[in-house]
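Please open the model in a viewer with its sequence panel displayed.

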Amino acid sequence: MSDQNTTTLQPSSEGGGATAASGQRGVRQLMGGSGVRNLGLIIALGLLIAVGAATGGSQFLSVDNMLTILRLASIIGVICIGVTFVITAGGIDLSVGSVMGLASVVASLAAVQVAATNSSWLLMVAVALAVGALAGLINGVIIAYGNVVAFIATLAMLVAARGLAELISGRSTQIVTNRDFTSVLRSNFLGVPLLVWIFLIVAAAGWFLLNRTTFGRRTVAIGGNLEATRLAGIKVKRHIVWLYVLSGVTVGIAAIMMMGRTTAGTSTHGTLYELDAIAAVVVGGTLLVGGRGTIVGTVLGVLLFSTLTNVFVQNNLDTSVQNVTKGVIIVVAVLLQQRFAVRGTRRKGAI
Amino acid sequence: MSMASDVPERLQPLLEVRNLSKSFAGVRALQGVNLEVVPGEVHCVLGQNGAGKSTLIKALSGVHQPDGGEIRWLGEPVQLTSPTDALELGIATMYQELDVVDGLNVAENIFLGHEDARAGVLRVRDAKNKARKLLARLGHEDLSPGTEVGTLSAAGKQIVSMARALSRNARLIIMDEPSAILDTGEVANLFRVIRQLTGHGIAVVYISHRLEEIDQIGNRMSVIKDGRSTASSLPVKSVSRSELVKLMTGRETSNVFPLRAPVAEGKPLLEVDGLGLAGSFRDISFSVRPGEILGLAGLVGSGRSEILETIYGARKATAGSVSVDGSRLQPGSVSAAIRAGIGLSPEERKSQGLLLDEPIYKNATLSTFARFARRGLLNERGERKAAQEQTAALQLTPADTERPARTLSGGNQQKVLLARWLIHGTRILLLDEPTRGVDVGAKAEIYALIRQLAARGVAILVVSSEIEEVIGLADRVLVLDAGRMLAVSDAKDIDEHSVLDLVLKGNSQ
């Protein structure tokens, strides 16, 4: 860096200190960083797969079944990427599930227009993204500029969006008849369903955005200490609006994927997805109070839950048993996280 | 006149601490601390930040269990395995971050945890009567038991906390830097209340780093340095200020404040004209030249911090203007102020300044990471390099910029904030309480750094609740009271007494 504005007090001595520090950095990242937590999730996932293999045998381990698990994970997974950003910044988005329902309803109605006017099915895609982004914009503005607690603002959106979706659709399911649309979304690329590819791309983009860009740095900083970030000159309110718009856009993408998978748009799409998303993100290691977020953890958290569902289905177990198990996993994961957090950087200086 | 007269000699000690030690994950926080407290005395415990005062308090209040040594209560060895143990013996602790519940009223707070109830039903009237008696014992009949504690000042909350200790029949009250959150008048009242307590035979362990208070309130004192006792139970009168500093820091004190350099004549860099903020201050006008340090002196509530925050755009001025180099700043915009070259080191470093769990380098570049970045992509290598250069120049210890900011001492956290603005190339620095929570040794270092920055042509505004610090550091001093400017004076022509005189006169008008 050679910035003319910078004033240095004294000529600095850059000795071996810098290289020693960078050597320690690597060690620290391995020992105390998110690595340990991700390792824990990978072990948990491995155990679950072992259970699946033991009870379901080769059928469980088949490529087909693995792809089923991934396909199951893909839609909620995309939503979880957006939610990870919001939670990392210390916010919450409870509206993701019902906004997804709304986006699917509006987009599938647009599909009728597509058929009538012979325009491209990409119009549907654009409509779904726009609905998601607009809902996120409204959430963000109410939270940032109206100073309404995120929990309440997005709770209101949860209720209102679901209601609006029911009003627009008349509570009936809109079948998506556009062949181009469904065939594209149900296609495979290199033997892997397009839905899974979309999830992977969104996750990779999310990782990059969170870890390598100024947008990500602002997000983490706001979650870590909003007031300090504001006083450092960062436009906090504007950034918070963008975060909810981002969450809304991922919801729009998920709505498109859902319409592709089910060939329908309905106001009941995405019911209770907000809870599944928050559970996966938190189990993944993102702190609910903000200041620390991990996309890799979120992806692992999503895979953990979808593998669990798959194992239960393979063994013909009741969904109620599955829900109880999910609840236990959430609590255990958070308890373990707190242990790690105490041993890591969160230890309060006692001296 | 001092109540701190003769030490009651022949009394049986209430508390004896012998050779106490405690380690955390291999770090020795305490390694041989001795203390003896007799009934009715105010025993001051002194030490720099990190000396082990907090660990000692926590060991005495049952939060931490010591690894070695012993604690005796009335001559008997005791094990304090929980805060409840300590309370049952009669040791109450008043922490700096007061453990009162804002949403409950005074009486409910006093009896929190040992409510008077019959079959689970609270006896509200009894509680209020008892609370009134306890408050009267502290000389505070003016506090109504039904008042919601959230509406009280920090001083009022302390009184509630002390009444709670009395309600538990405490015989020893540990006070962790109680004056840190009070202004001068409130401190005088605190001392009056402490004398009421000791008059009833209650012992007080008083933790502070304000040396001038020790003379006023203390009977005996003990000093801790690096987890060891360097002095135990000495009469306060027998130790001079300079000896005390030496016991605390292990070195001689020279002149703490660096010499002033003459300020070059020139055009003002920062001009504040008729600035006002409704409900806080009004009609503030001054200008600062490059290389000049202007101090704002005044009591808590005089509007000092608010003025800095308004100049910085963190609050939106309701009157007047702020100009840098002759061009007016957009009111209420932090980013406009920063662009114009203004930087703020806020009063509360931890809650307003730092991301405690993030590495030092990210804290140092919090205002500039976007400038290092190219098209939104972070340049962490550039950030690390700049942070290492600046923190090395500021002699940050430890020098590792990858450590979380939480692990730094107060003085070093202050240096990280200075580094942030140095990296930015700030020309006007607003320093709100730059040495709060900074220990004696590091204070002199911070003063020298501030002077060096001024010598480089940075215009500096300093706010401090220690009037001595404002006068020692600044070239000119602006005296404030209740949001009004009382006087602007050359720092050489003014001392602590004349500032207080001005403020008192201002009040009587």
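**Conventions**

The model is predicted: local features need pLDDT of at least 70, side-chain atom pairs count only at pLDDT 80 or more, and totals for chains, interfaces and linings use all residues. Residues are numbered from 1 along each chain as its sequence is written, while chains are lettered from A and ligands numbered from 1 in the order in which they are written.

**Stop 1**

Select chain B and display the C-alpha trace. Along the principal axes, its C-alpha atoms fill a box of roughly 70 × 55 × 50 Å. For 509 residues, a compact globule would have a radius of gyration near 23 Å, and the 25 Å of chain B therefore agrees; this radius is taken over C-alpha atoms, and the globule rule is 2.2 Å times the number of residues to the power 0.38.

Colour next by secondary structure: chain B has 18 helices and 22 strands. Helices (H or I, at least four residues) and strands (E, at least two) are DSSP runs, numbered from the N terminus.

Of the 509 residues of chain B, 49% count as buried. A residue is buried if 20 or more other C-beta atoms lie within 10 Å of its own, exposed if 12 or fewer, and partly exposed in between, with C-beta atoms placed from the backbone. Of the contacts in chain B with a separation of 6 or more, 68% are between residues 24 or more positions apart; two residues are in contact if their C-beta atoms, placed from the backbone, lie within 7 Å.

**Stop 2: the domains of chain B**

Nine residues from domain 1 of chain B and nine residues from domain 3 of chain B take part in the contact. On the domain 1 side that touches domain 3, helix 8 of chain B gives the most, with three residues. That side of domain 1 of chain B divides into two nonpolar, six polar and one charged residue. Here Ala, Val, Leu, Ile, Met, Phe, Trp, Tyr, Cys and Pro count as nonpolar, Asp, Glu, Lys and Arg as charged, and the others, Gly among them, as polar.

**Stop 3: helix 16 of chain B**

Select residues 440–455 of chain B, which form helix 16. At 1.5 Å a residue, its 16 residues should span 22 Å, and the end C-alpha atoms are 23 Å apart, which agrees; the expected span is 1.5 Å times one less than the number of residues.

Which residues of helix 16 of chain B are buried? They are B:Val440, B:Ala442, B:Lys443, B:Ile446, B:Tyr447, B:Leu449, B:Ile450, B:Leu453 and B:Ala454. Because these residues cover an arc of only 160° around the axis, they are on the same side of helix 16 of chain B; the arc is that of the directions from the helix axis to the C-beta atoms. An α-helix has 3.6 residues a turn, so residues three or four places apart point the same way.

Now show the partners of this buried set in chain B, among them helix 8 (241–249), helix 15 (410–424) and strand 20 (459–463). Just after helix 16 of chain B, B:Gly457 takes a positive phi of about 100°.

**Stop 4: loops of chain B**

Most residues other than glycine have a negative phi, and most peptide bonds are trans.

- B:Asn169, in the loop between helix 5 and strand 9 (172–176) of chain B, has a positive phi near 60°. With 11 C-beta neighbours inside 10 Å, B:Asn169 counts as exposed.
- B:Asp325 lies in the loop between strand 16 (319–324) and strand 17 (327–328) of chain B, and its phi is positive, about 55°. With 13 C-beta neighbours inside 10 Å, B:Asp325 counts as partly exposed.
- B:Thr397 and B:Pro398 are joined by a cis peptide bond, with omega about -5°. B:Pro398 lies in the loop between helix 14 (380–393) and helix 15 of chain B.

**Stop 5: chain A**

Move to chain A, which has 15 helices and four strands. Buried residues make up 48% of its 351 residues. Select helix 12 (residues 236–262) of chain A: its 27 residues should span 39 Å, and its end C-alpha atoms are 39 Å apart, which agrees. Helix 12 of chain A is mostly covered, with 21 of its 27 residues buried. A:Thr263 follows helix 12 of chain A and has a positive phi near 50°.
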